Amino acid sequence: MNLVITMSRRFGTGASLIAKELSEKLNVPVYDKAYIEHELEGDSFASEAEVIKELAGHPCIILGRCASEILKDQPNVFNIYVSADKEDRIHRIMKKESLPYEEAKALLEKNDRERADYYYENTGKVWGDVNNYHMILDTSRLGIENCAGILLKYFERVEII
């Protein structure tokens with residue numbers, strides 16, 4: 001299996017939990033913004049895109065960083081977008097960050113705006129456009145705890161894993 005999963009997500013959807021569970025079940029690493037930025041500090045790469053392409057040489061999960069667009073021409077890449085209802089996301093952020101409602105809401109809106117801007121600046125595309133992903137998971141409807149299982153079942157069914 002040389003499956004590379006990219007996972008774009010709205011802030012507060014629980015996507016990192018899904019990625020962690022998939023990582024454990026598939027025995028592949030998860031790479032996020034912090035990891036990619038750390039690799040750039042080593043000066044062996046000129047851009048995030050180079051880091052992402054290098055990481056995608058092996059099975060892995062890449063969270064964000066426009067990886068779905070950077071790797072769009074690779075046949076072994078499966079692009080996922082994770083969403084959830086705004087109120088669910090706010091309440092998840094409140095709990096996780098121990099914030100009152102208004103602060104969690106402001107943090108969510110700031111983070112979503114920054115992610116949308118980053119995606120557009122780096123791809124010229126609209127972040128969250130369904131045409132850029134193979135599958136969209138709504139954690140409000142499906143439950144965070146069910147999403148990794150849904151993906152694994154799909155990958156088994158189409159014989160990716």
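This is a predicted model: local features need pLDDT of at least 70, side-chain atom pairs count only at pLDDT 80 or more; totals for chains, interfaces and linings use all residues.
Residues are numbered from 1 along each chain as its sequence is written, and side-chain values use heavy atoms, without hydrogens and water.

**Overall**

I looked up the elements, which are DSSP runs numbered from the N terminus (helices H or I, at least four residues; strands E, at least two). The protein chain has 8 helices and 5 strands. Their order along the sequence is β-α-β-α-α-β-α-β-α-α-β-α-α. I noted that 43% of the 161 residues are buried (under 20% relative accessible area, with a 1.4 Å probe and protein chains only).

**Helix α5**

I checked the length of α5, residues 86–97. Its 12 residues should span 16 Å at 1.5 Å a residue, and the end C-alpha atoms are 16 Å apart, which agrees; the expected span is 1.5 Å times one less than the number of residues. Arg89, Ile90 and Ile93 are the buried residues of α5. They cover an arc of only 100 degrees around the axis, so they lie on the same side of α5; the arc is that of the directions from the helix axis to the C-beta atoms. These buried residues pack against α6 (101–123). Just after α5, I found Ser98 with a positive phi of about 55 degrees.

**Aromatic rings**

I counted 6 aromatic pairs in the structure. Rings of Phe, Tyr and Trp (its six-membered ring) pair if their centres lie within 6.5 Å; planes under 30 degrees apart are stacked, over 60 edge-to-face and the rest tilted. Phe78 and Phe155 have ring centres 5.2 Å apart and planes at 90 degrees, so I logged the pair as edge-to-face. Phe78 is in strand β4 (residues 77–83) and Phe155 in helix α8 (residues 144–157), 77 residues apart. Both Phe78 and Phe155 are buried.

The rings of Tyr81 and Tyr133 have centres 5.0 Å apart and planes at 40 degrees, so this pair is tilted. Tyr81 lies in strand β4 and Tyr133 in the loop between α6 and β5 (135–138), so the pair ties together parts 52 residues apart in sequence. Tyr81 is buried, with a relative accessible area of 4%.

Last, I noted that ring pairs link Phe78, Tyr154 and Phe155 into a cluster.

Definitions and conventions
Buried means under 20% relative accessible area, exposed over 50%, partly exposed in between (1.4 Å probe, protein chains only). Contact means heavy atoms within 4.5 Å.
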